[in-house]
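Please open the structure in a viewer and keep the sequence at hand.

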Amino acid sequence: MSAAAEKTRLKLEWNKIVEQLAAQAATSLGAELARQLIPSANAREVEAGQAETAEAHELFLRGINPPLGGISNIVPAVERCGRGGIVGTTELFAILQTLEGGRRLRTFLQTKLEDFPLFTAMGEDLPLFLDLEQELRRSVLNSEELTDEASPTLFRLRRELKRLTSEIRSRMEEMVRSSTVQKYLQEPIVTLRGDRYVLPVKHEFRNQIPGVIHDQSASGATVFVAPMAVFQMGNRLREVETAERHEVERILTQLSGAVGELSEGILNLVGKLAHIDFVLAKGKLALAQEAVRPQLNEKGYLDIRGGKHPLLGPDAVPISVRLGKSFDTLVITGPNTGGKTVTLKTVGLFALMHQAGLHIPAQEGSELPVYDRIFCDVGDEQSIEQSLSTFSSHMSNIIDILKECSSRSLVLLDELGAGTDPAEGAALAMSILQYLGEVGASTIATTHYSELKAFAYSQRRVENASVEFDSVTLRPTYRLLIGLPGRSSAFEIAARLGLPEPLVKRARSLLSHAEVKADDLIRSLEEKRLHLESLTREAEAERREAEQLRRDWERRRDALAKREADLIRRAKDEAVSTLNYARREAARIIKELRASSSNLIEKDRMLAANKARERLNEVQEEVRAKLGRNDEEELLPPETVRQPLKEGQTVYIPHLRLSGVVLSPPDQEGTVRVQVGVLKLELKDNQVRVGKEEEKVRERSLGNIASSKASTVSPELDLRGSTVEEAEYQVEKFLDDAYLGGLERVRIIHGKGTGALRQAIQSLLARHPQVESYALGGYREGGSGVTIAVLRK
């Protein structure tokens, strides 16, 4: 780690970013990795880090939270076991929980995150220690004790302890309940002193109960006696407790040894768990900052769009900065506290965050290159007494930067040339910027010197920029304006603060002609910029409105198309069902007629034929009613004799209601190829009929319909009060009726209102095939509230 890089991170407050990151970690392991995060100058490493953060960010956007419960920093305990040391139940329980947590996390990453390949791979890479985990689970109850099943010996000793303890308490409670003993007791209870069960005996009766005195009260009025009746049992209890302690120590030694044998693998697991937690922390930080993944620009271009300083919170004013494409050096001028230094720090922090694999709080489409070095000289000292030391400090930093920077470096210089004579400082600043331009470094410098504005205009690949200042409110807006140098607002500010106007005028007169001309030019440019921005905002608002109208129209069009398709499908289904019914009825009647005709005399045969014909007419009427038809089309029974089909013959297709030409006669399977318009269809021979009789009937029916429409359709349609969707449907039907009725001109009343209904109607008329032309109504026809449409003949 170079001193310059460390100084840059210090100046840009990188430590605060990593602390924000560490706060997002779920474990101390992940937090420790976060605090060690250093930006990389390797493009491959940068992209790998960004890809990890992008997957983690997407996880949390979908509400997925991988389980990290139970995982803790067990590295010291595992390392101790690896050296042959012994750890207690607290450490072993922590190791058990971490192993279980790693196994749960592995299962989750492998089974729940199929759309996240990086996390799936991380899960597959987590090692398992099932045997050790099982042994620890069987032996360790919690952080304070082992289970009885840790060993057969421990199980036996603990049963013995429970038995002895129960026996001693039982014997002593019998003594307490005895009237002979009770009178010697201070209280009728059994208590503990040290590790012995005792009775509280009045001092004056201490010799009345045989036993060993283990303690006495502070006043001396009570002595605590272990009765001789249970003394031997107490000794035995101590022996068993000692044996239990030795057994526990043996088991801890055994378990510590088992951990030690696998210490290398366990430490590897802990490292991978820490990395997963660290990656998830990056995703959480991106979510908290509303950050996006910056695109890696391999040409060295920087393009930050709507970037917010990550330490200023969501209320920070967004800035847009570009560098490296048409210019390599950006000179920012403007008043103090206007945001120049914040812009420098935002760019520097974004570069560090990008190269550390973190997302940046900016808009989509932001691009950043990978810099080999990032240099920063930012100083806030502005005391006159310290001007010499401030200048010297800045120059020392800049000298180091000039020695180490390259064409792939980012250099950020705040108040370049400040702290010395303005003329000399400006000259030094121009010389330094020229050198950095010759090296090819990407440079952003802030300054107060007016000479640098002219320098930026005259130099190749150098651009002016300024921070906007509102001279009306005397407040900075913190917006960065690239291409426009900052103008001094000293006279406006002084006048608004109360400086007499004569003094302000005198000060203006002391400016050189060139300075006044430059200031007027900058003011004119700023006014034009504000006007253009206003026009751009209006155009953008209109574009958004038009886009919304287009989306609404497409949505309604799709809905109508879907509804139309559904209606057609249902109608076809109903028609097929009805026709099938008609065919079945006709076939049944004909079959009955044929079956009985051979046994009937001529008179009866005629009677049966008339009845059959009446029944067929009834069926036909039922079909007409179901299909909603009023024409005179006759339904032929399926037994109607068909003429043979020949190539070039004109046929009618009843279920399509279309005519076509036979391309090839039926094959052995009865399939015939028919040309219908531009379409070539393959149909069964029973699906077509020779000739155009049906079309003639249809034409007669259409004539009847047209005649009916002509007598009933109105030349005027009133749509006021209708929604756009309702109106479009009514106009479609109205135009069809008017066309069938032979009307040449129709009048559509839509009202004035907001104009949305008129626009929708005229849009429909423009693409309707039956409309020749349309226009708004005349003065006596309703004006802009009416549209007149002329129909095609």
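**First stop: a sheet and its helices**

Select Gly211 first: its bridge partner is Pro227, in strand 4. The model is a predicted one, in which local features need pLDDT of at least 70 and side-chain atom pairs pLDDT 80 or more, while totals for chains, interfaces and linings use all residues. Residues are numbered from 1 along each chain as its sequence is written, and side-chain values use heavy atoms, leaving out hydrogens and water.

Strands here are DSSP runs of E with at least two residues, and helices are runs of H or I with at least four, numbered from the N terminus; two strands pair if DSSP finds at least two bridges between them.

Next, select helix 11 (residues 228-261), which packs on the sheet and touches strand 2, strand 3 and strand 4. Contact means heavy atoms within 4.5 Å.

Widen the view to the sheet itself, an open one of 4 strands in the order 1-2-4-3 with antiparallel pairing. Strand 1 (191-193) and strand 3 (211-216) are at the edges; each has a single partner strand, so one side of each lacks a neighbour in the sheet.

**Second stop: a charge over a ring**

Select Arg193 and Phe224: Arg193 lies over the face of Phe224, at 4.1 Å from the ring centre. The rule requires NZ of Lys or CZ of Arg within 6 Å of the ring centre and within 35 degrees of the ring normal.

**Last stop: another sheet**

Select strand 21 (residues 745-749) and strand 23 (residues 786-791), an antiparallel pair with 5 bridges. Within this pair, Val746 stands opposite Ala789 of strand 23.

Notes: Axes fitted to C-alpha atoms, helices over the stretch in contact; angles between N-to-C directions.
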